[in-house]
Amino acid sequence: MKKAVIFGAGNIGRGFIGQLFFESGYYTTFIDVNRTLVRDLNNRHSYPLRILEASTGANTDLLIENVDALDARNIEAITIAVSEADILATAVGAEILPQIALHIANALMRRFELGAMPLNILLCENLKNAGAIASSLIRSNLPASTHPWFDRNVGLVETSIGRMVPLQTPESMDGDPLRICVESYSTLPANKEAFCKKIPEIIGLQAVSPFSFYIDRKLYIHNMGHALAAYHGDTHGMEFIWQAVGHPGIRAAVYSAMCSCADALVISYGAEKQELYNHVEDLLHRFANRKLGDTVYRVGRNLRRKLAPEDRLVGALRLCQKAGTPIDQLTAGLALAMRFSSSDLKEMSPETILTEICDISPDEKIYTKIINAYNRHT
């Protein structure tokens, strides 16, 4: 049986990539810091996955089998597992990538010494330029003499994670701490140009080019619309995303912003307009899935990252500015984001957030526009 290794046994690792690997005939080893989770996966060699259908309202229960797990502190076992893997995936979050780079480098050195087959690494991080970032991190832990081998034999493949996996609660676990609940969407676009040698046959994997379009579509339509719904919902005291998109005024504002970004992608990439508009409608339908129980807090939190210059709101704003599509809903959304009740930037003034976090200069017209919108909500 083919062997897969996934760094991270959380929402995306178990809730998405683990399913695709299992359905594609892989035996999967998860690597995680949660010792209880590692123990339970090793005891059962399976875990339940519950798919929450938006259209039918029904649940579909799957059992993901042929799995085990390693404690992330067990360096020797990790090195052996990765060195023997047919494919590797990371689903740990961008901030953890530097911590696992050494583990990956150690395993690659062992593969180098054993003369092992080339390895593709699926980077499932929702991180722009993940391939270049991962390459730099891993290379820094490899001897320079191995870099040519690394370039020829390792594919660092960025992916676009579109499946929504909410925070798991005791209610969603339904009596089983290993149960993970997800939406039904299960397509995984991946950078076709980044694969090393043969593209692996994985159910749901779509090798696409140019990959930058799919990253921009995910970040500036999906992530932006999701976040915008959260910040609007927060101003109305709403707890759930489905409540926000169910509000006619909020839905209209989010739809307008998403369509503006869709139009910008049509201009930037020559994409098919109706296909992108259909994508917008599908996303709004998925956002409205009550069964997911996705919260305004989860989607809106971590503003330091989400208001960064290339991230979902400011990046979408820059995209639309460049393409000449409407930006009013995006500037208004930025103002709402700076007022988010669970903000990690509460100690900063809106002016400081715009200049230091968003990289928006006071000399720009949108700076004044955003500050005025912020003050209107005082």
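**Overall fold and packing of the predicted chain**

Of the 378 residues in the protein chain, 54% count as buried, where buried means under 20% relative accessible area, exposed means over 50%, and partly exposed lies in between (1.4 Å probe, protein chains only). The model is predicted, so local features need pLDDT of at least 70 and side-chain atom pairs count only at pLDDT 80 or more, whereas totals for chains, interfaces and linings use all residues. Residues are numbered from 1 along each chain as its sequence is written, and side-chain values use heavy atoms, with hydrogens and water left out.

The protein chain has 17 helices and 11 strands. These are DSSP runs, numbered from the N terminus: helices are H or I with at least four residues, and strands are E with at least two. The radius of gyration is 21 Å, close to the 21 Å that the globule rule gives for 378 residues, so the chain is as compact as a globular protein of that length. This radius is taken over C-alpha atoms, and the rule is 2.2 Å times the number of residues to the power 0.38. Along the principal axes, the C-alpha atoms fill a box of roughly 65 × 50 × 45 Å.

Contacts were then examined. A contact means heavy atoms within 4.5 Å. Among contacts between residues at least 6 apart in sequence, 71% join residues at least 24 apart. The protein chain exposes about 16,100 Å², and carbon and sulfur atoms supply 50% of that area. Accessible areas come from the Shrake-Rupley method with a 1.4 Å probe; for residues, only the protein chains shown count as cover. The chain carries 38 positive and 41 negative charges, and their mean positions are 1 Å apart. Lys and Arg count as positive and Asp and Glu as negative; His and the chain ends are not counted. Each charge is placed at NZ of Lys, CZ of Arg, CG of Asp or CD of Glu.

The nonpolar interior was considered next. A nonpolar core is a set of buried Ala, Val, Leu, Ile, Met, Phe, Trp, Tyr and Cys residues joined through side-chain atoms within 4.5 Å. The largest core holds 66 residues, of which I221, M224, M258, L307, L334 and I360 touch the most other members. Helix α8 gives the largest share of this core, 10 residues. A second, separate core of 35 residues includes A91, L122, V165 and V182. Leaving out residues up to four places away in sequence, I360 touches V314, L317, R318, L334, L354, T355, I366, Y367 and I370.

Helix α15 spans residues 328–337 and is mostly covered, with 7 of its 10 residues buried. The buried residues are L330, T331, G333, L334, A335, L336 and A337. They pack against α8, α10 (248–269), α13 (303–306), α14 (314–323) and α17 (365–376). H232 lies in helix α8, residues 211–235. H232 is buried, with a relative accessible area of 12%. Beyond its neighbours within four places in sequence, H232 is in contact with I250, A253 and L336.

Several loops were also examined. M348 sits in the loop between α15 and α16 (350–357). At 17% relative accessibility, M348 counts as buried. Not counting residues up to four places away in sequence, M348 touches R304, I353, E356 and I357. M348 and A105 are 243 residues apart in sequence, and their C-alpha atoms are 39 Å apart. Y185 is found in the loop between β9 (180–183) and β10 (188–191). Y185 touches G162, R163, R217 and R286, again leaving out residues up to four places away in sequence.

The peptide bond from S209 to P210 is cis, with omega near 0°. P210 is in the loop between β11 (205–208) and α8. D174 is not a glycine, yet its phi is positive, near 50°. D174 lies in the loop between α7 (170–173) and β9, and at 44% relative accessibility it counts as partly exposed. K197 also is not a glycine and has a positive phi of about 65°. K197 is in the loop between β10 and β11. K197 is exposed, with a relative accessible area of 61%.
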